[in-house]
Amino acid sequence: MLEVPYVVVDVFTEKQFGGNQLAVITDARGLETSQMQQIAAEFNFAETTFVLPPEDPANAAQVRIFTRAQEVPFAGHPNVGTAYVLARQADVFGARPGQAMRFEEKAGLVDVALIEGKEGVRGAEITAPQELVVGNPIDPAAIAACIGLEPSEILLENHVPVSVSVGLPFYAAEVSLASLAKTRAHFDAFSTAARSYGFVDLSGRFSAFVYARLGQGIARLQARMFAPLSGNFEDPATGSASAALGAYLATLDPQADGVIEIDIAQGVEMGRPSKIGLRVIKEGGRAVEVKISGHCVQIMQGLLRIQ
């Protein structure tokens, strides 16, 4: 029997039972990939992370991220939560965790800086592993059908609905705050749209990140994320989508250089309010780096007994 330690944390929140749940398998040595997927499905959270020794000893760890249905190359709240958990350990595979760590992931290397408070580590800020990639647009009527709105409720003044990614792609669309409150995921419409836009694998890569502006500009946003094809009808906090959206909106801003800070509220309608902080570094009109930050709260820890 293999005993596997785990810690569960709420990410992008300062209070228990807010934010996004994450299970961190702090030592995944001995587990097969199929077992990792089974464990992720058993926890039934949006994501579960599996921590392994790094291939390069200069890095802190290798981190694999699984949704309920598949492994993904990168995600925001799993990195923030995993960094928080590992930083509170005495050691990570024999090395003491430092103020800065680097994780090896499918999408590349992820740099982490810890957020400290009076009582120790409170959270983390991570750097997205890839620069912004803007993909193909999607018909406003298609995205509207996915989230139960009329096509006219998709706002087009600032941008059309489009695929954006800093390691994991999402379709981003702007709506009013009133429309945001009534959005709902419609599974059949997601399936139809995914096939129409060439997603042969329907296990979850087709995701909609819908947002509204809170006031003028992009400094404060409220968002909802839907990925029903992966079993995640709604996500209370999505760092990777927030980072991609923030980078994209920053490129549309007339400011050519500087640091653009954005706060995104998510999970409000679910009763799990989250706060995601972004810092987009812009040079020559390009978003060259995106940092994602948030606080965490530990909920439980224990052992999985794998026979």
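Modeller: F17 is found in the loop between β1 (2-11) and β2 (20-25); here strands (E, at least two residues) and helices (H or I, at least four residues) are DSSP runs, numbered from the N terminus. The model is a predicted one, in which local features need pLDDT of at least 70 and side-chain atom pairs count only at pLDDT 80 or more, while totals for chains, interfaces and linings use all residues. Residues are numbered from 1 along each chain as its sequence is written, and side-chain values use heavy atoms, with hydrogens and water left out.

F17 is not a glycine, yet its phi is positive, at about 70°. Most residues other than glycine have a negative phi. F17 counts as exposed because its relative accessibility is 54%; buried means under 20% relative accessible area, exposed over 50%, and partly exposed in between (1.4 Å probe, protein chains only).

F93 also has a positive phi, near 55°, and lies in the loop between α2 (76-87) and β6 (100-105). With a relative accessibility of 27%, F93 counts as partly exposed.

As for the setting, the protein contains six helices and 17 strands, and 56% of its 307 residues count as buried. Its C-alpha atoms fill a box of roughly 55 × 40 × 35 Å, taken along the principal axes. Among contacts (heavy atoms within 4.5 Å) with a separation of 6 or more, 64% join residues 24 or more positions apart.
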